[in-house]
Amino acid sequence: MKQSAIRANEFTDDPYPSRNGIPPAIIERKDPVVYGANSTASPLTQTQLEQYREQGFLVLENLFRDNEIAALQQEMVKLRTDPQLHNAEETITEAGNGEVRTIFRVHALSGVFSKLSADERLTGIARYLLDDQVYIHQSRLNYKPGFRGKEFYWHSDFETWHVEDGMPRMRALSMLITLTENYACNGSLMLIPQSHHQYVVCDGETPENHFKASLKKQEIGTPEDKFLEQLVNRGGIITATAKPGSVILFDCNLIHGSNSNITPHPRSNVFFVYNAISNAVTEPFCNRPPRPEYICTRRNIRPID
Ligand code: 6CS
Ligand code: FE
């Protein structure tokens, strides 16, 4: 039997196989988008729930007051200039120019971002949509500095979190809180509406220590051009522009990306990934060891109370 065929059989109970020798394809989602029972009080309007279910994302403006945003911006600068953090494993720099690209695990490293990650204005929505207690699977500050902030190629976060972290099902979502102006021109988040209804099986296989390359530039676990074209033809592309203090929330499987930033305006956002407690990560669905704790919470899984 061909080596790749043997690999494919190793995870026969894998509902969302990818990068394991089976041909790239688009398969149907096997999980709900909105888990929340209609009976309990929803923090979102019916229209917002429908938009999230159908399109896969929501933009909520003005969720935070000016003084709260100022404190977050101050903390963002403090973390980026903290000499202790500059060589920490949580800090990822841009390929080629050494600018800070991302700081991971800010919900644990910073009291300010820890408090924000547990803010009821965020967790209340996550608990409702996922209909469960939630924990932070991953948090990160994406700086995307002016002039030299590099792109994030098209991808589904869930494809990576399933294959490399062992996240079983699509019962997680990302909340991006904007810390600077997210303009159409400075590398803001681009989303393919409705792409979360399908799962794109990716080619190739997961390299050893893949995260060391993928967090700077992801090339494995990205959809093939023909599948991107198909999804864009159906749902189009939305650039999520928003003022500081807004929240962009999107389903774990919604395909997104962002362009490089060659403008003087930094596009900095903080991300919290809320995963349902019942969907806690297991063993990776690839033949690699689990990714480190700063990228994927595994040892400290506890519900945000
Ligand atoms: O590998 C990951 O978990 C990260 N990669 C991307 C491009 N988005 C999600 C996450 O930050
Ligand atoms: Fe992503």
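How far from an oxygen atom of ligand 1 does a polar side-chain atom of Arg140 lie? In this predicted model, the answer is 2.9 Å. That makes a handy starting point for a walk around the ligand.

Turn to a nitrogen atom of the ligand, and you will find an N or O atom of the Asp157 side chain 3.0 Å away. The protein buries 94% of the 300 Å² that ligand 1 exposes when taken alone. If you look at the pockets, the space that ligand 1 takes up is the largest one.

Gln138, Arg140, His155, Asp157, Thr160, Trp161, Leu215, Gln218 and Arg291 surround ligand 1. Sorted by class, this shell holds 4 polar, 3 charged and 2 nonpolar residues. Strand β5 (134-142) and helix α8 (157-163) each contribute at least two residues to the shell. The largest share belongs to α8, with 3 residues.

From the ligand, let us move on to charged pairs within the protein. Side chains of opposite charge can pair when their charged atoms come close. The count of salt bridges in this model is 17. One to find on your screen joins the side chains of Arg19 and Glu164, with 2.9 Å from N to O. Arg19 sits in the loop between α1 (3-10) and β1 (25-28), while Glu164 belongs to the loop between α8 and β7 (172-178), so this pair ties together parts that lie 145 residues apart in sequence.

Notes:
Residues numbered from 1 in each chain as written. Chains lettered and ligands numbered in written order. Predicted model: local features only at pLDDT ≥ 70, side-chain atom pairs only at ≥ 80, totals over all residues. Heavy atoms only, no water. Near = heavy atom within 4 Å. Polar contact = N/O pair within 3.5 Å; in protein donor to acceptor, adjacent residues only side chain to side chain. Areas by Shrake-Rupley, 256 points an atom, 1.4 Å probe, with all protein chains shown as cover. 1 Å grid on protein atoms, 1.4 Å probe; cavity = no way out; pocket = protein on both sides within 12 Å on 5 of 7 lines; lining within 4 Å. Sits in = over half its atoms within 2 Å of the grid points. Helix = DSSP H or I, 4+ residues; strand = E, 2+ residues; numbered from the N terminus. Nonpolar A, V, L, I, M, F, W, Y, C, P; charged D, E, K, R; others polar. Salt bridge = Lys/Arg side-chain N within 4 Å of Asp/Glu carboxyl O.
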